[in-house]
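User: I've got a new model open and want a quick tour. Can you walk me through it?

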Amino acid sequence: MVQFRRWFRLKNSKSITSVEVAKLVGVSQATVSRAFNNPEKVDPETKRRIMAVARRCHYIPNAIAKSLVSRKTNIIGAVIEDFENPFYVSFVYRLAEKLAESGKKVLLFNPCANENVEMLLQEARSFRVDGLVIASAILSQQLLEKEIPATIPVVMINRQSASGNYCSVASDDVSCGRMVADYFIRQNRYKSYCYVAGADVKPSSINRRRGFKDRLCEWGIRSLIQLKGDYTYISGKQAAMALLNKKIELPLAVFAANDLMALGLLDELKYTSQYNIPTDISIIGVDNIEQSCWASYNLTTMQLPIEEMIQCAFRYINAADDARVQNAGRHLFPCTLIVRGTA
């Protein structure tokens, strides 16, 4: 009865400590700690009693206190500059699932209106993260190395930097553009070609355009319509409107630097023009986002090697300090063409 009153008092207080749980069970605080952190080292009956008291008292182990002892938070910061892109949403979600297998959590940092990448890096460091996953086209190597100590493993997404101080995982975008050009050329039916670019600062867009344009030149095709976009659905619609204002020799082959722009192109062309997709205009995107396989779009696209990229990032973050050096640098992975109904 005395123990119950004591438990009732603790339950209605702000919090309960592992020391108090230990007193209620009649064991040491170290035993309570082992029950949560190394349960295999605790007698099953003792562990059952500890967990029963912990549940009744709403006891939750203090992760901050644990991190001070171990000097690890098991938190990986994800700094994502363009979270409107479904590719990055999918990437972070699946990476978080993978990291959970090793007891780690992902903490997302997404810039607000007046916040820059440097501020985000400083904020991430204040949470004592054990590693960083960064998707930013404007973050320079100099700024990264200035803000993040070498002891924190950093993975750059879709950046083709070859620095030995961090790991860079990306799709082989030049090869991606070349594959799209080859696919169009081998159909032997197009009279004109168009590339819809992403933002000028995005290396992925620059490299996809280079691969596409260079490969067309190798096939003897030197005329390429180039339209500006910014990787958004709206910019895809705007590119389609710009295309409709041009004198186009049909049939036309269009390569959009990502799926969102390709979907914007498709909707604008379907509902405001007389052109048939894919007879008059064929469209290929990049990313293979979920919407691309919807029946209303059925978009032909380039599948990014997301699983391979995640595996590489996971290995780097979880590597021991001496092994991490071997996994640093640039890692490029090939894309795969997914043929559907738009090309």
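Analyst: Start with the pocket lining. The residues lining the largest pocket split into nine nonpolar, five polar and eight charged. Bear in mind that this is a predicted model.

User: How many residues line the largest pocket, and which lie nearest its centre?

Analyst: The lining has 22 residues. Nearest the centre are Asp130, Thr151, Ile152, Pro153 and Arg324.

User: What volume does the largest pocket have?

Analyst: About 540 Å³.

User: Which helices each supply at least two residues of that lining?

Analyst: α13, residues 306-318, and α14, residues 321-327.

User: Zoom out. How many helices and strands are in the protein chain?

Analyst: The chain has 14 helices and 12 strands. It runs to 343 residues, and 47% of them count as buried.

User: And what share of the contacts join residues at least 24 apart?

Analyst: 69%, taken among contacts between residues at least 6 apart in sequence.

User: On to aromatics. How many aromatic pairs does a search of the whole structure find?

Analyst: Nine. One of them is Phe87 with Phe91. Their centres are 6.1 Å apart, with 45° between the planes, and the pair is tilted.

User: Where do Phe87 and Phe91 lie?

Analyst: Both are in helix α6, residues 86-100. They sit four residues apart, about one turn of the helix.

User: Why is the pair of Tyr183 and Phe184 called tilted?

Analyst: The planes of Tyr183 and Phe184 are at 55°, so the pair counts as tilted. The ring centres of Tyr183 and Phe184 are 6.4 Å apart. Phe184 has a relative accessible area of 0%, so it is buried.

User: What lies over the face of Phe314?

Analyst: Lys98 does, at 5.0 Å from the ring centre.

User: Next, Asn158. Where is its place?

Analyst: Asn158 is in the loop between β4 (154-157) and β5 (167-171). Its relative accessibility is 9%, so it counts as buried.

User: What does Asn158 touch, leaving out residues up to four places away?

Analyst: Phe87 is on that list, along with Tyr88, Val169, Ala170, Ser171, Leu304 and Met309. Phe87 is also a member of the tilted pair with Phe91.

User: Switch to Asp267. Which helix is it in?

Analyst: Asp267 is in α12, residues 259-272. It is buried, with 11% relative accessibility.

User: What is Asp267 in contact with beyond its neighbours within four places in sequence?

Analyst: Tyr233 and Tyr297. As for distances, Asp267 and Gly236 are 31 residues apart in sequence but 9.0 Å apart in space, C-alpha to C-alpha.

User: Backbone checks now. What kind of peptide bond joins Leu250 and Pro251?

Analyst: A cis one, with omega about -5°. Pro251 is in the loop between α11 (233-244) and β8 (252-256).

User: What about the bond from Ile277 to Pro278?

Analyst: Also cis, with omega near 10°. Pro278 is in the loop between α12 and β9 (281-287).

User: What is phi for Tyr231?

Analyst: Tyr231 has a positive phi of about 75°, although it is not a glycine. Tyr231 lies in the loop between β7 (225-227) and α11. It counts as buried, at 6% relative accessibility.

User: And what is phi of Asp287?

Analyst: Near 130°, again positive in a residue other than glycine. Asp287 is in strand β9. At 7% relative accessibility, Asp287 is buried.

Definitions and conventions
Residues are numbered from 1 along each chain as its sequence is written. This is a predicted model: local features need pLDDT of at least 70, side-chain atom pairs count only at pLDDT 80 or more; totals for chains, interfaces and linings use all residues. Side-chain values use heavy atoms; hydrogens and water are left out. On a 1 Å grid over the protein atoms alone, a cavity is a set of points where a 1.4 Å probe fits but cannot get out, and a pocket is an open set with protein on both sides within 12 Å along at least five of seven lines; lining residues have an atom within 4 Å of a point. Grid points are joined across faces, edges and corners, and a volume is the space filled by probe spheres set on the points. Ala, Val, Leu, Ile, Met, Phe, Trp, Tyr, Cys and Pro count as nonpolar, Asp, Glu, Lys and Arg as charged, and the others, Gly among them, as polar. Rings of Phe, Tyr and Trp (its six-membered ring) pair if their centres lie within 6.5 Å; planes under 30 degrees apart count as stacked, over 60 as edge-to-face and the rest as tilted. Buried means under 20% relative accessible area, exposed over 50%, partly exposed in between (1.4 Å probe, protein chains only). A charge sits over a ring if NZ of Lys or CZ of Arg is within 6 Å of the ring centre and within 35 degrees of the ring normal. Contact means heavy atoms within 4.5 Å.
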